[in-house]
Amino acid sequence: MVDLSTTYMGLKLQNPILVASCSLTKNEERLRQLADIAPGAIIMKSLFEEQIQAEADATQEHLWTSSHTEAFDYVSKLSMEVGPLEYLKLIESAKKYVSVPVIASLNCVSLKWWTDYAKQIVSAGADALELNISNIPCDTKHTGESVEKLHLEILQKVRSSISIPIAVKIGPYFSSLANLAQKLVACGANALVLFNRFYQMDIDLERMEVIAAHRFSSSSELNLPLRFVSILSGKVNCDIAASTGVHQGSDALKLILAGAKVVQLASTLYLNQLQHLEKVKKDMEAWMKEHEIEDLDSIRGKLSQEQSGKPEIYQHFQYIKALVSID
Ligand SMILES: Cc1cc2nc3c(=O)[nH]c(=O)nc-3n(C[C@H](O)[C@H](O)[C@H](O)COP(=O)(O)O)c2cc1C
């Protein structure tokens, strides 16, 4: 019998396969369905600041409609689905019928809402909080330093107002991710989630319009988180969760060998139904049996840069090797 159990930010999990923050976790019915397939934990859909603002301030509608009609429509739809109060109620009730840890997720802009709402999420009973800080800097005045500073400030503010574990979910676009990761840990992050997958854009040439592309990921997107999980594992003093491109049991095993504590699934559950999560677990168990591995701790991080004994293959050398092998 192989053992998939693990810990994540101090929470005891039956297995390392988490349902990522997405619309599959947005209401009671879906949360109940998810609980039946026994993931390690469930991360709830993010509550966005715009939803909180819209409910708190009726004049918000006027503000948005004057400049960003499309954005306002989207935010209105979000608010209609689950407003901030419903979100808190959803956490409360999920804690009654979901036997696995429930991790809330917050995406805010201003510091005020990050802290106010984080406290309410704690009162509602969430086991941990994932801060979805990801944004794409577009303003030429924003320096890399200022973007990093914002991440650290948000985390510091939230950390000083709540005591439950905090995971920070970030995108991959930082000039020195290892340095930022270390700073986030110093500011109190219990885990880093690598990575958020940004909205993919494309252009429709016929209509000459910007359109959404590739709503869901594929396993080929695994390489980016795989690289950074293996680089950061053992170097930063926190747990690492991998997100983006995890579709199969083999993807999850690779990330655990690279050093991830847990992996998060979103796209594959939309593409292959919720029950696919059970297959991911079964495939992991089958591989472990075949390789006579009893538990995940005995392999975790074996192929991280720190433990591999060949640190050079994670860096420039790998690039040279790849180039000379192409004629
Ligand atoms: C339909 C959909 C909705 C999502 N909503 C959120 C969200 O509210 N908050 C968040 O942090 N990530 C959200 N994500 C991103 C996922 O949590 C995940 O990080 C991303 O999809 C990459 O993982 P995947 O390759 O397994 O899809 C969403 C993804 C999808 C597909």
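Helix H5 covers residues 84-97, which is 14 residues, and spans 20 Å from its first C-alpha to its last, close to the 20 Å expected at 1.5 Å a residue. Seen down the axis of H5, the buried residues lie within an arc of 155°, so they line one face of the helix. The model is a predicted one. The protein contains 13 helices and 13 strands, and its average pLDDT is 88.

**Helix H5**
- Pro84, Tyr87, Leu88, Leu90, Ile91 and Ala94 are the buried residues of H5.
- Leu85, Lys96 and Tyr97 are exposed on the other side of H5.

**Helix H8**
- Helix H8 runs over residues 177-186, and Leu180, Ala181 and Leu184 are buried in it.
- These buried residues of H8 fall within an arc of 105° when seen down the helix axis, so they line one face of the helix.
- The cover over the buried residues of H8 includes helix H7 (144-161), strand E8 (166-170), E9 and H9.

**Around Cys108**
- Cys108 sits in the loop between strand E6 (102-107) and helix H6 (111-123).
- Cys108 counts as buried because it has 24 C-beta neighbours inside 10 Å, and the cut-off for a buried residue is 20 or more.
- Leaving out residues up to four places away in sequence, Cys108 touches Glu49, Trp113, Trp114 and Tyr117.
- Cys108 and Ile154 are 46 residues apart in sequence, and their C-alpha atoms are 9.1 Å apart in space.

**Backbone exceptions**
- Most residues other than glycine have a negative phi, and most peptide bonds are trans.
- The peptide bond that joins Leu194 and Phe195 is cis, with omega about 5°.
- Phe195 belongs to the loop between strand E9 (191-194) and strand E10 (201-204).
- His214 is not a glycine, yet its phi is positive, about 40°.
- The loop that holds His214 lies between strand E11 (209-212) and helix H9 (223-232).
- His214 is partly exposed, because 13 other C-beta atoms lie within 10 Å.
- Gln273, also a residue other than glycine, has a positive phi near 75°.
- Gln273 is placed in the loop between helix H11 (267-272) and helix H12 (276-290).
- Gln273 counts as exposed because it has 11 C-beta neighbours inside 10 Å, and a residue is exposed at 12 or fewer.

**Around the ligand**
- There are 21 residues around the ligand, and Ala20, Ser46, Ser217, Ala266 and Ser267 come nearest.
- The shell around the ligand is made up of 6 nonpolar, 12 polar and 3 charged residues.

**The protein as a whole**
- Of the 327 residues in the protein, 41% are buried.
- Among contacts between residues at least 6 apart in sequence, 72% join residues at least 24 apart.

**Confidence**
- A pLDDT of at least 70 is reached by 86% of the residues.
- The pLDDT is below 50 over residues 58-69, a stretch with 6 contacts in the model beyond near neighbours in sequence.
- Where pLDDT is low, the predicted coordinates should not be read in detail.

Technical notes:
Residues are numbered from 1 along each chain as its sequence is written. This is a predicted model: local features need pLDDT of at least 70, side-chain atom pairs count only at pLDDT 80 or more; totals for chains, interfaces and linings use all residues. A residue is near a molecule or strand if its C-beta atom, placed from the backbone, lies within 6 Å of it. Ala, Val, Leu, Ile, Met, Phe, Trp, Tyr, Cys and Pro count as nonpolar, Asp, Glu, Lys and Arg as charged, and the others, Gly among them, as polar. Helices (H or I, at least four residues) and strands (E, at least two) are DSSP runs, numbered from the N terminus. Two residues are in contact if their C-beta atoms, placed from the backbone, lie within 7 Å. The arc is that of the directions from the helix axis to the C-beta atoms. pLDDT is the predictor's confidence in each residue, from 0 to 100. The expected span of a helix is 1.5 Å times one less than its number of residues.
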